[in-house]
Amino acid sequence: MIRKAVTIVIDVVSVAVIILAAVIMISVVFTKSGDVPKIGGYSLMCVVSGSMEPEIPVNSLVLVKEAEPEEVRKGDVIAFYSQDPSIKDIIVTHRTSEIISINGRYEFRTKGDANGFEDEYTALDKDVIGKVVFVSPGAGIIMRLSANPLIFIPLILIPIGIILVLNIRSAIAAAREIEKAEQEEALRKVIDKIKENKQEGKK
């Protein structure tokens, strides 16, 4: 019973990992160059600077939810493409300190929690990717490593392949057991029928 329960858990986890990996790979492949891969309006990003410490340490994995400009509030941590010429189009994750609305357009003054000053350039509404809704300190290392094909293949693809092979073998074994059980049941019915006929003959 315990063995069966463990097998079911392993199967569920393996299928979930395979589906997640497939979805991520597809989203990355079909994402335009320069854009951030999104799944259902959510993006995963790795923090590489300490500008938002201590709340968001270096190597944190952040989940960013797509948001309309009018949904952003003062104090929200947003991810956006920077307009600063020195890091133009680099994604920055900072906290909004002021929201400016001009003729239906929005601009956001931002500041890193660990910085002593606001960002020189505002974040334009068209450059906002979304709001940070979840932070996992340290998990960004895994994402950065998995982005390297030399690491992704042995650590992700090979284990997934092994899981698939094991699941296929388990499925084949289960099918054979079912077939064997059905054959034994059919044989038992034939034997029972023969016994019944013999007993009726004696009467």
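A: Leaving aside residues up to four places away in sequence, Thr96 touches Val72, Arg73, Lys74, Gly75, Asp76, Ile78, Phe108, Arg109 and Thr110, where contact means heavy atoms within 4.5 Å. Keep in mind that this is a predicted model, in which local features need pLDDT of at least 70 and side-chain atom pairs count only at pLDDT 80 or more, while totals for chains, interfaces and linings use all residues. Numbering starts from 1 along each chain as its sequence is written, and side-chain values use heavy atoms, with hydrogens and water left out.

Thr96 is part of strand β4; helices (H or I, at least four residues) and strands (E, at least two) are DSSP runs, numbered from the N terminus. Thr96 counts as buried because its relative accessibility is 2%; buried means under 20% relative accessible area, exposed over 50%, and partly exposed in between (1.4 Å probe, protein chains only).

Now for the sheet. It's an open one of 7 strands with antiparallel pairing, in the order β1-β2-β7-β3-β4-β5-β6, and two strands pair if DSSP finds at least two bridges between them. The edges are β1 (42-46) and β6, each pairing on one side only. Between the antiparallel strands β3 and β7 there are 3 bridges, and Phe80 has Val128 in β7 as its bridge partner.

On to the charges. The structure has 7 salt bridges, each being a side-chain nitrogen of Lys or Arg within 4 Å of a carboxyl oxygen of Asp or Glu. Asp76, one of the residues Thr96 touches, makes a salt bridge with Lys131 at 3.5 Å, N to O. That pair links distant parts of the chain, 55 residues apart: Lys131 is in strand β7 (residues 128-136), and Asp76 is in the loop between β2 (61-65) and β3 (77-81). Lys131 is partly exposed, at 22% relative accessibility.

Asp113 lies in the loop between β5 (105-111) and β6 (123-124) and Arg95 in β4 (residues 91-102), so the pair ties together parts 18 residues apart in sequence. Asp113 is partly exposed, with a relative accessible area of 30%.

Finally, Asp125 and Arg105 form a salt bridge with their closest N and O atoms 3.1 Å apart. Here, Asp125 in the loop between β6 and β7 is linked to Arg105 in strand β5, 20 residues apart. Asp125 is buried, at 12% relative accessible area. Salt bridges with shared partners also join Glu55, Arg95 and Asp113 into one network.
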